[in-house]
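Biologist: I am new to this structure and would like to learn how to read its features. Could we go through them in turn?

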Amino acid sequence: MQTSLPLTIDRDAGLPLHLQLAEQFRAAVLDGRLQAGHRLPSTRDLARELGVSRSVTQAAYDQLHAEGWIEGRTGAGTFVTDVVPLQPAVRRRTQHRPDADAKLLTLRPGIPYISPTPDPGWRRAWREVSTQSPPGGYDDAAGLPALRAALADHVARVRGIACGPENVLVTNGTVHGLRLLLTVTRQPGDRIAIEDPGYLNAVVAARDHRLEIVDVPVDEDGLRVDALTDASAVYVTPSHQYPLGGRLPVARRNELVRWARRTGSLLIEDDYDSEFRYDVAPLPALAQLDLERVVHLGTLSKTLSPALRLGWLVASEAMVDRLATFRENSGDWPGWPMQAAMLAMLRDGTSTRPSAADAGCTRTGVPTPARCCRRTARSSARTQGCTSRCSCPTTPTTYGSRPRPVRPASWSRRCPSTAGACRDRQGS
Ligand SMILES: Cc1ncc(COP(=O)(O)O)c(C=O)c1O
(Lines give C-alpha, C1' and ligand atoms only; values in the text may rest on other atoms or scores of the structure.)
Protein backbone atom coordinates (compact mmCIF):
# COMPACT_ATOMS: atom_id res chain seq x y z
CA MET A 1 0.00 0.00 0.00
CA GLN A 2 1.26 3.44 -0.91
CA THR A 3 1.39 5.90 1.94
CA SER A 4 0.67 8.73 -0.48
CA LEU A 5 3.04 10.68 1.76
CA PRO A 6 6.33 11.82 0.33
CA LEU A 7 8.43 10.14 3.00
CA THR A 8 12.17 10.45 2.67
CA ILE A 9 15.06 8.78 4.34
CA ASP A 10 18.41 10.51 4.64
CA ARG A 11 21.17 8.15 5.66
CA ASP A 12 23.62 11.01 6.15
CA ALA A 13 21.36 13.09 8.39
CA GLY A 14 22.85 11.83 11.66
CA LEU A 15 19.34 11.12 13.02
CA PRO A 16 18.30 7.47 13.40
CA LEU A 17 16.10 6.36 10.48
CA HIS A 18 13.10 5.41 12.64
CA LEU A 19 13.13 8.88 14.23
CA GLN A 20 13.22 10.50 10.79
CA LEU A 21 10.14 8.52 9.82
CA ALA A 22 8.28 9.22 13.04
CA GLU A 23 9.00 12.92 12.69
CA GLN A 24 7.55 13.00 9.18
CA PHE A 25 4.38 11.20 10.30
CA ARG A 26 3.91 13.65 13.16
CA ALA A 27 4.33 16.60 10.82
CA ALA A 28 1.77 15.08 8.43
CA VAL A 29 -0.79 14.70 11.25
CA LEU A 30 -0.21 18.20 12.51
CA ASP A 31 -0.56 19.87 9.12
CA GLY A 32 -3.64 17.79 8.24
CA ARG A 33 -2.20 15.61 5.49
CA LEU A 34 -2.99 12.62 7.69
CA GLN A 35 -6.42 12.77 9.35
CA ALA A 36 -7.81 10.85 12.31
CA GLY A 37 -8.85 7.38 11.12
CA HIS A 38 -6.41 7.37 8.19
CA ARG A 39 -5.01 3.86 7.71
CA LEU A 40 -1.26 3.57 7.57
CA PRO A 41 0.63 1.01 5.50
CA SER A 42 1.89 -2.06 7.27
CA THR A 43 5.43 -1.89 8.57
CA ARG A 44 6.43 -4.54 5.98
CA ASP A 45 5.00 -2.58 3.02
CA LEU A 46 6.43 0.68 4.22
CA ALA A 47 9.88 -0.87 4.70
CA ARG A 48 9.81 -2.27 1.17
CA GLU A 49 8.65 1.01 -0.27
CA LEU A 50 11.38 3.01 1.44
CA GLY A 51 14.12 0.45 1.05
CA VAL A 52 14.80 0.13 4.77
CA SER A 53 14.68 -2.83 7.09
CA ARG A 54 11.37 -3.67 8.74
CA SER A 55 12.88 -3.04 12.18
CA VAL A 56 13.18 0.63 11.18
CA THR A 57 9.50 1.05 10.30
CA GLN A 58 8.47 -1.06 13.28
CA ALA A 59 10.54 1.18 15.62
CA ALA A 60 8.96 4.28 14.06
CA TYR A 61 5.43 2.93 14.59
CA ASP A 62 6.28 1.86 18.16
CA GLN A 63 7.43 5.36 18.89
CA LEU A 64 4.31 6.96 17.37
CA HIS A 65 2.13 4.45 19.17
CA ALA A 66 3.79 5.22 22.51
CA GLU A 67 3.24 8.93 21.94
CA GLY A 68 -0.45 8.37 21.08
CA TRP A 69 -0.39 9.42 17.44
CA ILE A 70 -1.43 6.03 16.03
CA GLU A 71 -3.24 2.94 17.23
CA GLY A 72 -3.33 -0.66 16.05
CA ARG A 73 -6.72 -2.34 15.52
CA THR A 74 -6.51 -6.12 15.61
CA GLY A 75 -6.90 -7.62 12.17
CA ALA A 76 -7.55 -4.22 10.59
CA GLY A 77 -4.20 -2.42 10.58
CA THR A 78 -2.71 0.77 12.01
CA PHE A 79 -4.66 4.03 12.09
CA VAL A 80 -4.12 7.66 12.99
CA THR A 81 -5.86 8.24 16.32
CA ASP A 82 -8.78 10.60 16.57
CA VAL A 83 -7.30 12.20 19.62
CA VAL A 84 -4.61 14.23 18.05
CA PRO A 85 -1.88 14.72 20.60
CA LEU A 86 -1.22 18.23 21.77
CA GLN A 87 1.42 19.96 19.80
CA PRO A 88 4.35 20.55 22.10
CA ALA A 89 4.71 24.20 22.99
CA VAL A 90 7.18 25.84 20.71
CA ARG A 91 10.14 26.87 22.74
CA ARG A 92 10.95 30.41 21.85
CA ARG A 93 14.51 31.34 22.31
CA THR A 94 15.19 34.77 23.60
CA GLN A 95 18.08 36.30 21.81
CA HIS A 96 20.56 37.29 24.47
CA ARG A 97 22.80 39.83 22.99
CA PRO A 98 26.16 40.19 24.68
CA ASP A 99 25.51 42.52 27.61
CA ALA A 100 26.56 45.87 26.27
CA ASP A 101 25.57 47.51 29.57
CA ALA A 102 27.67 45.19 31.71
CA LYS A 103 30.17 47.91 32.45
CA LEU A 104 27.58 50.49 33.48
CA LEU A 105 26.79 51.18 37.12
CA THR A 106 23.28 50.38 38.26
CA LEU A 107 21.76 53.38 39.98
CA ARG A 108 18.61 51.61 41.13
CA PRO A 109 18.25 52.02 44.89
CA GLY A 110 18.79 48.88 46.89
CA ILE A 111 21.44 47.47 44.53
CA PRO A 112 24.96 47.72 45.93
CA TYR A 113 28.04 48.15 43.84
CA ILE A 114 29.71 44.77 43.40
CA SER A 115 33.29 44.84 42.31
CA PRO A 116 33.86 42.68 39.23
CA THR A 117 37.09 41.45 40.81
CA PRO A 118 36.38 38.64 43.28
CA ASP A 119 37.24 39.58 46.83
CA PRO A 120 40.13 37.49 48.25
CA GLY A 121 37.97 36.71 51.31
CA TRP A 122 35.24 35.42 49.04
CA ARG A 123 37.71 33.19 47.25
CA ARG A 124 39.13 31.92 50.55
CA ALA A 125 35.65 31.07 51.79
CA TRP A 126 34.79 29.03 48.72
CA ARG A 127 38.13 27.28 48.77
CA GLU A 128 37.37 26.27 52.34
CA VAL A 129 33.89 25.02 51.42
CA SER A 130 35.24 23.04 48.50
CA THR A 131 37.46 21.00 50.81
CA GLN A 132 34.47 19.80 52.86
CA SER A 133 31.90 17.15 52.03
CA PRO A 134 28.28 18.15 52.39
CA PRO A 135 26.53 16.70 55.43
CA GLY A 136 25.03 13.26 54.97
CA GLY A 137 21.51 14.09 56.14
CA TYR A 138 19.21 17.06 56.16
CA ASP A 139 20.61 20.14 57.81
CA ASP A 140 19.11 21.82 60.81
CA ALA A 141 16.07 23.73 59.47
CA ALA A 142 17.05 26.81 61.48
CA GLY A 143 20.49 26.89 59.84
CA LEU A 144 23.94 25.43 60.47
CA PRO A 145 24.51 25.54 64.23
CA ALA A 146 27.99 27.03 63.81
CA LEU A 147 26.63 29.71 61.51
CA ARG A 148 23.82 30.58 63.89
CA ALA A 149 26.39 30.98 66.64
CA ALA A 150 28.61 33.16 64.45
CA LEU A 151 25.63 35.27 63.43
CA ALA A 152 24.56 35.67 67.04
CA ASP A 153 28.04 36.97 67.79
CA HIS A 154 27.89 39.22 64.76
CA VAL A 155 24.55 40.86 65.56
CA ALA A 156 25.61 41.22 69.19
CA ARG A 157 28.80 43.04 68.22
CA VAL A 158 27.57 45.04 65.29
CA ARG A 159 23.90 45.62 66.08
CA GLY A 160 23.95 45.43 69.87
CA ILE A 161 21.40 42.61 70.09
CA ALA A 162 22.15 40.41 73.08
CA CYS A 163 21.32 36.97 71.77
CA GLY A 164 22.56 33.44 71.30
CA PRO A 165 22.39 30.88 68.49
CA GLU A 166 18.94 29.84 69.69
CA ASN A 167 17.69 33.28 68.67
CA VAL A 168 18.96 33.07 65.10
CA LEU A 169 17.45 31.54 61.99
CA VAL A 170 19.32 31.61 58.67
CA THR A 171 17.21 32.88 55.78
CA ASN A 172 17.42 33.59 52.09
CA GLY A 173 17.33 37.32 52.83
CA THR A 174 14.95 39.87 54.26
CA VAL A 175 11.97 39.16 52.06
CA HIS A 176 12.26 35.43 52.64
CA GLY A 177 12.37 35.98 56.40
CA LEU A 178 9.43 38.37 56.25
CA ARG A 179 7.30 35.96 54.24
CA LEU A 180 8.15 33.08 56.53
CA LEU A 181 7.17 35.16 59.54
CA LEU A 182 3.88 36.22 57.98
CA THR A 183 3.07 32.63 56.95
CA VAL A 184 3.67 31.23 60.40
CA THR A 185 2.38 34.00 62.66
CA ARG A 186 -0.36 35.88 60.76
CA GLN A 187 -3.91 35.00 59.79
CA PRO A 188 -5.73 36.37 56.74
CA GLY A 189 -7.46 39.59 57.73
CA ASP A 190 -4.90 40.49 60.43
CA ARG A 191 -3.88 44.12 60.30
CA ILE A 192 -0.26 45.01 59.55
CA ALA A 193 1.05 48.58 59.67
CA ILE A 194 3.53 49.41 56.92
CA GLU A 195 5.47 52.62 56.37
CA ASP A 196 4.08 54.86 53.65
CA PRO A 197 6.02 55.38 51.47
CA GLY A 198 7.66 52.05 52.07
CA TYR A 199 9.14 48.90 50.65
CA LEU A 200 6.98 47.48 47.91
CA ASN A 201 8.06 43.88 48.53
CA ALA A 202 6.78 44.14 52.10
CA VAL A 203 3.44 45.39 50.81
CA VAL A 204 3.26 42.58 48.26
CA ALA A 205 4.14 39.98 50.90
CA ALA A 206 1.37 41.31 53.17
CA ARG A 207 -1.10 41.29 50.28
CA ASP A 208 -0.14 37.75 49.33
CA HIS A 209 -0.93 36.70 52.89
CA ARG A 210 -4.27 38.52 52.65
CA LEU A 211 -3.44 40.85 55.50
CA GLU A 212 -5.13 44.18 55.90
CA ILE A 213 -2.53 46.84 55.28
CA VAL A 214 -2.58 49.97 57.40
CA ASP A 215 -0.47 52.74 55.88
CA VAL A 216 1.51 54.68 58.45
CA PRO A 217 3.01 58.01 57.41
CA VAL A 218 6.72 58.67 57.72
CA ASP A 219 8.59 61.94 58.12
CA GLU A 220 12.28 62.80 57.81
CA ASP A 221 13.03 60.66 60.89
CA GLY A 222 11.10 57.62 59.74
CA LEU A 223 7.93 55.97 61.03
CA ARG A 224 5.44 58.32 62.75
CA VAL A 225 4.85 56.22 65.83
CA ASP A 226 2.21 58.69 67.01
CA ALA A 227 0.16 57.84 63.90
CA LEU A 228 0.03 54.10 64.65
CA THR A 229 -3.45 52.72 65.09
CA ASP A 230 -4.80 49.27 65.65
CA ALA A 231 -2.48 46.65 64.07
CA SER A 232 -1.15 43.32 65.26
CA ALA A 233 2.15 43.79 63.43
CA VAL A 234 4.28 46.68 62.24
CA TYR A 235 6.88 46.50 59.48
CA VAL A 236 9.51 49.19 60.01
CA THR A 237 12.94 50.16 58.60
CA PRO A 238 14.41 52.06 61.56
CA SER A 239 18.07 52.08 60.48
CA HIS A 240 17.42 53.70 57.16
CA GLN A 241 13.81 54.32 56.25
CA TYR A 242 13.12 52.99 52.79
CA PRO A 243 12.92 54.96 50.57
CA LEU A 244 13.34 58.32 52.30
CA GLY A 245 16.40 57.47 54.41
CA GLY A 246 15.33 58.70 57.87
CA ARG A 247 16.98 57.16 60.93
CA LEU A 248 14.43 56.49 63.65
CA PRO A 249 15.55 58.49 66.71
CA VAL A 250 15.92 56.74 70.02
CA ALA A 251 12.90 58.48 71.56
CA ARG A 252 10.69 57.15 68.80
CA ARG A 253 12.18 53.68 69.05
CA ASN A 254 11.36 53.65 72.73
CA GLU A 255 7.88 54.92 72.02
CA LEU A 256 7.42 52.21 69.39
CA VAL A 257 8.48 49.40 71.72
CA ARG A 258 6.24 50.78 74.48
CA TRP A 259 3.36 50.87 72.02
CA ALA A 260 4.04 47.25 70.99
CA ARG A 261 4.16 46.12 74.60
CA ARG A 262 0.93 47.93 75.34
CA THR A 263 -0.94 46.56 72.32
CA GLY A 264 0.72 43.12 72.13
CA SER A 265 1.85 43.85 68.56
CA LEU A 266 4.81 42.31 66.80
CA LEU A 267 7.44 44.70 65.45
CA ILE A 268 9.19 43.51 62.29
CA GLU A 269 12.49 45.33 62.02
CA ASP A 270 13.94 45.35 58.51
CA ASP A 271 17.51 46.40 59.28
CA TYR A 272 17.75 47.84 55.79
CA ASP A 273 21.04 49.55 55.00
CA SER A 274 22.26 49.62 58.57
CA GLU A 275 25.74 48.96 57.20
CA PHE A 276 25.76 52.25 55.28
CA ARG A 277 26.07 54.96 57.84
CA TYR A 278 27.62 57.81 55.96
CA ASP A 279 29.96 58.88 58.72
CA VAL A 280 27.59 58.71 61.67
CA ALA A 281 27.82 56.05 64.34
CA PRO A 282 25.15 53.38 64.12
CA LEU A 283 22.16 53.18 66.40
CA PRO A 284 21.73 49.74 67.90
CA ALA A 285 18.97 47.67 66.38
CA LEU A 286 15.42 48.03 67.61
CA ALA A 287 15.51 44.33 68.53
CA GLN A 288 18.05 45.01 71.28
CA LEU A 289 15.26 46.71 73.22
CA ASP A 290 12.94 43.73 73.32
CA LEU A 291 13.51 40.44 71.55
CA GLU A 292 10.10 39.24 72.71
CA ARG A 293 8.34 41.97 70.76
CA VAL A 294 10.74 42.58 67.86
CA VAL A 295 11.76 40.26 65.04
CA HIS A 296 14.94 41.52 63.39
CA LEU A 297 15.69 40.84 59.71
CA GLY A 298 19.23 41.19 58.35
CA THR A 299 20.70 40.42 54.96
CA LEU A 300 23.93 39.97 53.03
CA SER A 301 22.27 41.65 50.06
CA LYS A 302 23.87 45.00 50.73
CA THR A 303 27.29 44.01 52.03
CA LEU A 304 28.09 41.27 49.53
CA SER A 305 25.43 40.79 46.89
CA PRO A 306 21.67 40.38 46.63
CA ALA A 307 22.35 37.45 44.32
CA LEU A 308 23.61 35.36 47.25
CA ARG A 309 20.13 35.23 48.78
CA LEU A 310 21.33 34.92 52.32
CA GLY A 311 20.26 36.64 55.49
CA TRP A 312 19.21 36.09 59.09
CA LEU A 313 16.27 36.50 61.36
CA VAL A 314 16.77 37.22 65.05
CA ALA A 315 13.87 36.67 67.43
CA SER A 316 12.89 35.11 70.72
CA GLU A 317 13.83 31.46 71.08
CA ALA A 318 10.16 30.45 71.02
CA MET A 319 9.61 32.30 67.75
CA VAL A 320 12.73 30.80 66.15
CA ASP A 321 11.61 27.30 67.20
CA ARG A 322 8.19 27.91 65.70
CA LEU A 323 9.61 29.10 62.41
CA ALA A 324 12.15 26.26 62.26
CA THR A 325 9.44 23.67 62.90
CA PHE A 326 7.48 25.07 59.99
CA ARG A 327 10.58 24.95 57.80
CA GLU A 328 11.26 21.32 58.66
CA ASN A 329 8.10 20.48 56.77
CA SER A 330 8.53 22.93 53.94
CA GLY A 331 12.19 22.15 53.23
CA ASP A 332 12.65 25.82 52.46
CA TRP A 333 15.97 26.97 53.85
CA PRO A 334 19.32 28.03 52.37
CA GLY A 335 21.49 25.25 51.04
CA TRP A 336 24.57 24.01 52.81
CA PRO A 337 27.28 25.41 50.48
CA MET A 338 26.03 28.98 50.83
CA GLN A 339 25.67 28.68 54.59
CA ALA A 340 29.11 27.12 54.91
CA ALA A 341 30.61 29.88 52.78
CA MET A 342 28.92 32.54 54.87
CA LEU A 343 30.29 30.96 58.00
CA ALA A 344 33.78 31.05 56.52
CA MET A 345 33.29 34.68 55.53
CA LEU A 346 32.03 35.67 58.96
CA ARG A 347 35.01 34.02 60.58
CA ASP A 348 37.21 35.83 58.11
CA GLY A 349 35.46 39.17 58.50
CA THR A 350 34.63 39.34 54.79
CA SER A 351 30.85 39.40 55.01
CA THR A 352 30.67 42.25 57.48
CA ARG A 353 32.40 44.75 55.26
CA PRO A 354 30.18 46.68 52.88
CA SER A 355 31.54 45.94 49.43
CA ALA A 356 30.14 49.20 48.12
CA ALA A 357 32.09 51.13 50.70
CA ASP A 358 35.19 49.14 49.76
CA ALA A 359 34.73 50.27 46.22
CA GLY A 360 34.26 53.84 47.26
CA CYS A 361 30.61 53.93 46.26
CA THR A 362 27.34 54.14 48.03
CA ARG A 363 24.48 51.89 47.05
CA THR A 364 23.27 54.52 44.66
CA GLY A 365 26.62 54.53 42.95
CA VAL A 366 27.60 57.97 44.18
CA PRO A 367 31.30 58.01 44.97
CA THR A 368 32.03 58.14 48.66
CA PRO A 369 35.37 59.50 49.78
CA ALA A 370 37.53 56.63 50.97
CA ARG A 371 38.29 58.73 54.03
CA CYS A 372 34.64 58.61 54.94
CA CYS A 373 34.54 54.85 54.56
CA ARG A 374 37.57 54.48 56.76
CA ARG A 375 36.07 56.66 59.41
CA THR A 376 32.85 54.69 59.26
CA ALA A 377 34.81 51.51 59.69
CA ARG A 378 36.57 53.03 62.68
CA SER A 379 33.36 54.19 64.22
CA SER A 380 31.82 50.77 63.83
CA ALA A 381 34.90 49.21 65.39
CA ARG A 382 34.56 51.69 68.24
CA THR A 383 31.03 50.69 68.86
CA GLN A 384 31.63 46.99 68.56
CA GLY A 385 31.50 45.21 71.80
CA CYS A 386 28.40 46.80 73.20
CA THR A 387 25.75 44.74 74.74
CA SER A 388 22.38 45.94 75.72
CA ARG A 389 23.47 45.40 79.31
CA CYS A 390 26.50 47.62 79.24
CA SER A 391 26.39 51.36 79.07
CA CYS A 392 29.25 51.87 76.67
CA PRO A 393 28.30 54.34 74.01
CA THR A 394 26.93 52.30 71.17
CA THR A 395 24.44 55.08 71.48
CA PRO A 396 25.95 57.85 69.44
CA THR A 397 25.94 61.46 70.41
CA THR A 398 23.22 62.07 67.88
CA TYR A 399 20.69 60.56 70.23
CA GLY A 400 19.18 63.99 70.66
CA SER A 401 17.17 65.14 73.62
CA ARG A 402 17.70 62.62 76.36
CA PRO A 403 15.07 60.01 75.69
CA ARG A 404 13.64 57.99 78.52
CA PRO A 405 15.24 54.57 78.11
CA VAL A 406 13.09 51.55 77.53
CA ARG A 407 14.17 48.75 79.79
CA PRO A 408 15.13 45.81 77.60
CA ALA A 409 12.92 42.84 78.31
CA SER A 410 15.45 40.03 78.29
CA TRP A 411 18.97 40.93 79.19
CA SER A 412 20.23 37.53 79.90
CA ARG A 413 23.36 37.50 77.78
CA ARG A 414 26.33 39.68 77.30
CA CYS A 415 28.13 39.93 74.06
CA PRO A 416 30.78 37.29 74.76
CA SER A 417 33.55 38.43 72.50
CA THR A 418 33.62 42.01 73.61
CA ALA A 419 32.65 42.05 77.22
CA GLY A 420 36.14 43.25 78.01
CA ALA A 421 35.81 46.24 75.77
CA CYS A 422 32.59 47.19 77.46
CA ARG A 423 34.06 46.85 80.92
CA ASP A 424 36.98 49.03 79.89
CA ARG A 425 34.62 51.77 78.92
CA GLN A 426 32.86 51.56 82.21
CA GLY A 427 36.20 51.83 83.89
CA SER A 428 35.88 48.53 85.70
C1 LIG B 1 13.73 48.08 52.25
C2 LIG B 1 14.49 46.87 51.83
N3 LIG B 1 14.66 45.88 52.70
C4 LIG B 1 15.38 44.79 52.38
C5 LIG B 1 15.97 44.66 51.16
C6 LIG B 1 16.79 43.44 50.87
O7 LIG B 1 16.01 42.37 50.67
P8 LIG B 1 16.68 40.92 50.49
O9 LIG B 1 17.50 40.65 51.70
O10 LIG B 1 15.51 40.01 50.38
O11 LIG B 1 17.51 40.97 49.27
C12 LIG B 1 15.81 45.66 50.21
C13 LIG B 1 16.43 45.54 48.90
O14 LIG B 1 16.46 46.40 48.11
C15 LIG B 1 15.07 46.80 50.56
O16 LIG B 1 14.92 47.80 49.68
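Biologist: Which residues have the most contacts inside the largest nonpolar core?

Modeller: A nonpolar core is a set of buried Ala, Val, Leu, Ile, Met, Phe, Trp, Tyr and Cys residues joined through C-beta atoms within 7 Å. A residue is buried if 20 or more other C-beta atoms lie within 10 Å of its own, exposed if 12 or fewer, and partly exposed in between, with C-beta atoms placed from the backbone. Here the largest such core has 74 residues, and those with the most contacts inside it are Cys163, Leu267, Ile268, Val295 and Val314. Helix α10 (residues 336–348) gives the most to this core, namely seven residues. Helices (H or I, at least four residues) and strands (E, at least two) are DSSP runs, numbered from the N terminus. A second, separate core of 13 residues includes Phe25, Ala60, Leu64 and Ile70.

This is a predicted model, in which local features need pLDDT of at least 70, side-chain atom pairs count only at pLDDT 80 or more, and totals for chains, interfaces and linings use all residues. Residues are numbered from 1 along each chain as its sequence is written.

Biologist: Why does Leu291 count as buried?

Modeller: Leu291 counts as buried because it has 25 C-beta neighbours inside 10 Å. Leu291 lies in the loop between β9 (266–270) and β10 (294–299). Its C-alpha atom is separated by 8.6 Å from that of Cys163, 128 residues apart along the chain.

Biologist: How many residues of helix α6 are buried, and what covers them?

Modeller: An α-helix has 3.6 residues a turn, so residues three or four places apart point the same way. Helix α6 (residues 174–185) is mostly covered, with nine of its 12 residues buried. Among them are His176, Arg179 and Leu182. The cover includes β4 (168–171), α7 (200–208), β9, β10, β11 (311–314) and α9 (317–330).

Biologist: How do strands β2 and β3 run?

Modeller: Two strands pair if DSSP finds at least two bridges between them. Strand β2 (residues 70–73) and strand β3 (residues 77–80) run antiparallel and are joined by four bridges. Arg73 stands opposite Gly77 in β3. The two strands form a hairpin with three residues between them, and Gly75 in the turn has a positive phi of about 80°.

Biologist: Which residues are closest to the ligand?

Modeller: A residue is near a molecule if its C-beta atom, placed from the backbone, lies within 6 Å of it. Of the 13 residues that surround the ligand, the closest are Gly110, Gly173, Tyr242, Thr299 and Ser301.

Note on methods. Two residues are in contact if their C-beta atoms, placed from the backbone, lie within 7 Å.
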